[in-house]
Amino acid sequence: MLGKVLKHELRATSHTMLPLIGGMLLVALMGNVCVRLGNGRDLPAAVSLIITLVMVLFFVGIFAIGFVTVYMMVRRFRDNLLRDEGYIMHTLPVSVHAQIWSKVLVSALWYALTAVTIAAAAVLLTFGADTVKIIGDLFKTLYDVFTQGDGHIAEILVEFLAVLVLASLALSLSFDAALSVGHAFAKHKMAASVAVFIGFVVLEEILLATLGNLSMDTLENVGRLEPMDLIGGWRAYCAWTAGMILLEGGLSYAVTAYFLKRRLNLE
Amino acid sequence: MAILECKGLSKSYGPVKALDGVSFTVGSGRIVGLLGPNGSGKTTLIKLANGLLTPSSGELLINGQRPGVETKKVVSYLPERSCLPEWMSAWQLMDFYGDFYQDFDRSAAEAMLTRLSIDPRARLKHLSKGNREKVQLIMVMARKAQIYLLDEPIGGVDPAARDFILSTIISNYNPTASVVISTHLIADVERVLDDVIFISQGKVVLAAPADQLREQQGKSVDQIFREVFRC
């Protein structure tokens, strides 16, 4: 059933996300035209004003699209599982786990596509005769860098991206958990959700600090705390960060599943 | 075999008892009226049967199983309010219901939409409130479910729409299935009911076949309801 829920989740989110992404790319294209128009030319005031407005729209859009995507995904979870649509969704012959995973995986997909859109918009804005050559040179340089030094740079990038993906999944789950707990209250559900989210962040910091201190103490006690080389340090850092993210994500998942299953409070 | 069975079922919201030791059974092929004034616990009972709430104590079984993924395959539920995503069209809704419910009869749904002259390609947000509610009822009744749980299906609609809703229920439900209709508008539904369950302040105060009740008391179910729940 997860496949079916994913299919409908993608369909439901596409009708808001595709126009957003399309709009961003269109603004970038318009920005490109504006850059070419304004390049060293003396233009009438009205045209200059339009060019300025398009450029402002582009830069505001680049900064806003990430926040808008997160907002859309949080709102989707709330509206689809915790408000009226919940009467339809929670009476489907689908487990709570499939419902949560569909939301988390589709959110992660849109976060990734938003990141790609931002990069594509930047390329579109500056696209010109030399762009293909510049991008080609960039990839060549990246290839050279990745194939040097025993492949460590490629490893660092892959591990960094893996941690980033895990972090985006865990962030989605934190929002979902806070909303699920907040909406179990009889009144002021959104205010309660925000308060719960802040509570989660505080608890998470305490847990991180406690586990960090415990780990260091344990390593010192068993005499394993030795100086590492750069790549060894990076690997240890990635492993620690991934572990903490998985712990945070796992706890958020458990809280979300419990509240959707046992403490659902649809109005 | 009972399709729906409640044994000492209770549900509390904090200090408030919405249901208090409710016990009854619903057999196959029966149309049952779950009758009671507002706030008597009807919606809570239906939510429990759909797994939207968990009991504080006691047990509710559907086909001998606690509400879960398996029971949701055989229960067709009409919530008391319109809950369909408004960005969807009836066409997309039929895809949606068809994907999740093996017993969804798409041709029956299309026939009902055609009879009501509802454009299946129009988004729900472009339909009137009444038509949105009818689309929701059509999706529910187009399933060949084992039990239909209809929460206030005729609440807040005009008399003509009430007739349509009741005729849709009667002409579309699977005859071997059971239908539970929760309402406080007894006069409109009385003619279709096989059994009645009166519920008051979270307790079952009367449960009997409708004909037997009418014969014994020489009154309509509506009159009995008015006497039982006189303010």
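Visitor: How many residues of domain 1 of chain A are in contact with domain 2 of chain A?

Guide: This is a predicted model, in which local features need pLDDT of at least 70, side-chain atom pairs count only at pLDDT 80 or more, and totals for chains, interfaces and linings use all residues. Residues are numbered from 1 along each chain as its sequence is written, chains are lettered from A and ligands numbered from 1 in the order written, and side-chain values use heavy atoms, without hydrogens and water. The assignment, automatic or from a database, gives domain 1 (1-128) and domain 2 (148-267) of chain A. With contact meaning heavy atoms within 4.5 Å, domain 2 contributes 18 residues and domain 1 of chain A contributes 18.

Visitor: How many salt bridges are counted between domain 1 and domain 2 of chain A?

Guide: The two domains of chain A bury about 1,900 Å² between them, 76% of it on carbon and sulfur atoms; buried area is the accessible area (1.4 Å probe) lost on being put together, summed over both parts. A salt bridge requires a side-chain nitrogen of Lys or Arg within 4 Å of a carboxyl oxygen of Asp or Glu. Between these domains of chain A the count is 0.

Visitor: Which residue of chain B forms a salt bridge with A:Asp84?

Guide: Chain A and chain B bury about 2,400 Å² between them, and 3 salt bridges are found across their interface. In the one that involves A:Asp84, the closest N and O atoms are 2.8 Å apart, and the partner is B:Arg81.
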